[in-house]
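Good morning, everyone. Let me put the structure up, and then I will walk through a few local features.

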Amino acid sequence: MMQMKEYKEVPQDVPHDDAVVRQPQVTGNPVVSDSVTAGGGGGVVENWMSIPVGMPNCPQGLEYLTALDQLLISQKIEKLELITGFETKNRFKIKNSLGQNVYFATEESDCCTRNLLGRSRPFEMKILDNFQNEVLHLHRPFRCDILCCFPNCLNAVEVSAPPGQVIGTVEQVCTFMKPKFNIKNSFGDIVLTIEGPVCPCKCFSDTNFKVFSVNNEQIGKISKQWSGLGRELFTDADYFSVTFPLHLDVRMKALIFSALFLIDVVYYEQ
């Protein structure tokens with residue numbers, strides 16, 4: 001009688017011994033959205049971009065930016081703020097052009113300064129990755145909400161990556177026509193400039209803040225996108241997009257990205 005040979009199924013998902021798999025540092029839990037599955041079984045895990053690997057001389061957490069030339073930023077509508085007008089902490093989702101989440105940004109400030117000082121308020125902005133690791137930290141000091149050219153009145157934000165290690169600043173320039181900002185590196189040298197339109201608040205169209213190199217060549221832009229009449233009239237929740245060259249230094253990308261939060265609070269917070 002013929003005997004049957006025994007076959008053992010070999011797992012296909014076991015990596016070779018020489019394969020190197022890099023995992024991001026995990027210090028928190030994966031971000032889960034507030035939405036609920038159709039079956040009522042709980043939160044839905046967000047679709048996050050995979051972290052690029054093999055990026056030398058790159059601050060941890062900024063590896064995502066090495067593979068991107070565009071970011072899409074949407075500010076969350078706060079129901080309490082919509083109903084009562086009570087200013088709450090700003091929160092943002094940052095996605096790539098494929099709709100995958102890249103970062104999540106949340107403002108750290110107290111209730112009194114938000115509602116009494118408005119857009120003049122000081123705040124900290126934390127940029128978090130999928131595992132709630134803080135990869136970027138923005139510090140914005142108190143500034144007067146008036147047209148003023150004194151150094152202590154001009155708007156600025158200090159950017160750190162990782163938190164505690166300053167990579168540069170974004171500083172407003174005193175002008176009486178077009179808005180202008182200087183982007184400086186950690187040594188205080190101007191490396192990029194941002195110029196906006198004469199009227200930064202437009203109806204039914206996008207508003208572009210152009211990014212220029214030190215050679216006065218446009219290399220990118222920050223766009224405040226028109227989000228519809230209802231959203232524009234009754235909320236301060238905005239849509240932005242940021243574009244920059246793919247091979248631009250990752251720290252410069254981070255500074256351009258950080259500039260949009262300063263532009264938002266100066267021109268679009270009311």
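Start with N57. N57 is exposed, at a relative accessible area of 66%. On terms: buried is under 20% relative accessible area, exposed is over 50%, and partly exposed is in between, with a 1.4 Å probe and protein chains only. N57 sits in the loop between β2 and α1. Helices here are DSSP runs of H or I with at least four residues, strands are runs of E with at least two, and both are numbered from the N terminus.

Before going on, a word on the model. It is predicted, so local features need pLDDT of at least 70 and side-chain atom pairs count only at pLDDT 80 or more, while totals for chains, interfaces and linings use all residues. Residues are numbered from 1 along each chain as its sequence is written, and side-chain values use heavy atoms, with hydrogens and water left out.

Q132 lies in the loop between β6 and β7. At 43% relative accessibility, Q132 is partly exposed. Then a peptide bond. A161 to P162 is cis, with omega near -5 degrees. P162 falls in the loop between β8 and β9. As background, most residues other than glycine have a negative phi, and most peptide bonds are trans.

M55 is in the loop between β2 (43-45) and α1 (63-66). M55 is partly exposed, at 31% relative accessibility. M55 and T66 are 11 residues apart in sequence, and their C-alpha atoms are 8.0 Å apart.

Next, salt bridges. How many does the whole structure have? Three. The criterion is a side-chain nitrogen of Lys or Arg within 4 Å of a carboxyl oxygen of Asp or Glu.

Take K89 and E108. Their side chains form a salt bridge at 3.8 Å, N to O. K89 is in the loop between α2 (79-84) and β4 (91-95), and E108 is in strand β5 (residues 101-108), so this pair ties together parts 19 residues apart in sequence. K89 is partly exposed, at 34%. E108 is partly exposed too, at 32%.

Now E107 and R121. Their salt bridge is 2.8 Å, N to O. E107 lies in strand β5, and R121 in the loop between α3 (111-117) and β6, so the pair ties together parts 14 residues apart in sequence. Buried or exposed? E107 is buried, at 1% relative accessibility. R121 is buried as well, with a relative accessible area of 1%.

Then E171 and K184. Their side chains meet at 3.1 Å, N to O, in a salt bridge. The pair links distant parts of the chain, with E171 in strand β9 (residues 166-172) and K184 in strand β10 (residues 180-185), 13 residues apart. E171 is partly exposed, at 27%.

On to the cavities. There are two of 30 Å³ or more. A cavity here is a set of points, on a 1 Å grid over the protein atoms alone, where a 1.4 Å probe fits but cannot get out; lining residues have an atom within 4 Å of a point. Grid points are joined across faces, edges and corners, and the volume is the space filled by probe spheres set on the points.

I will take the second largest cavity, at about 30 Å³. Which residues line it? N90, E107, R121, F123, M125, F261, D264 and V265. β6 (123-128) and α5 (250-267) each supply at least two residues. α5 gives the most, with three. By class, the lining has four nonpolar, one polar and three charged residues. Ala, Val, Leu, Ile, Met, Phe, Trp, Tyr, Cys and Pro count as nonpolar, Asp, Glu, Lys and Arg as charged, and the others, Gly among them, as polar.

Last, the surface. L116, L117 and F142 make a nonpolar patch of about 300 Å². Patch residues have over 30% relative accessible area and no salt bridge; like charges are joined within 9 Å, and nonpolar side chains (Val, Leu, Ile, Met, Phe, Trp, Tyr) within 5 Å. Areas come from the Shrake-Rupley method with a 1.4 Å probe, and for residues only the protein chains shown count as cover. F142 is in the loop between β7 (134-140) and β8 (156-160). F142 is partly exposed, at 40%.

Definitions and conventions:
1 Å grid on protein atoms, 1.4 Å probe; cavity = no way out; pocket = protein on both sides within 12 Å on 5 of 7 lines; lining within 4 Å.
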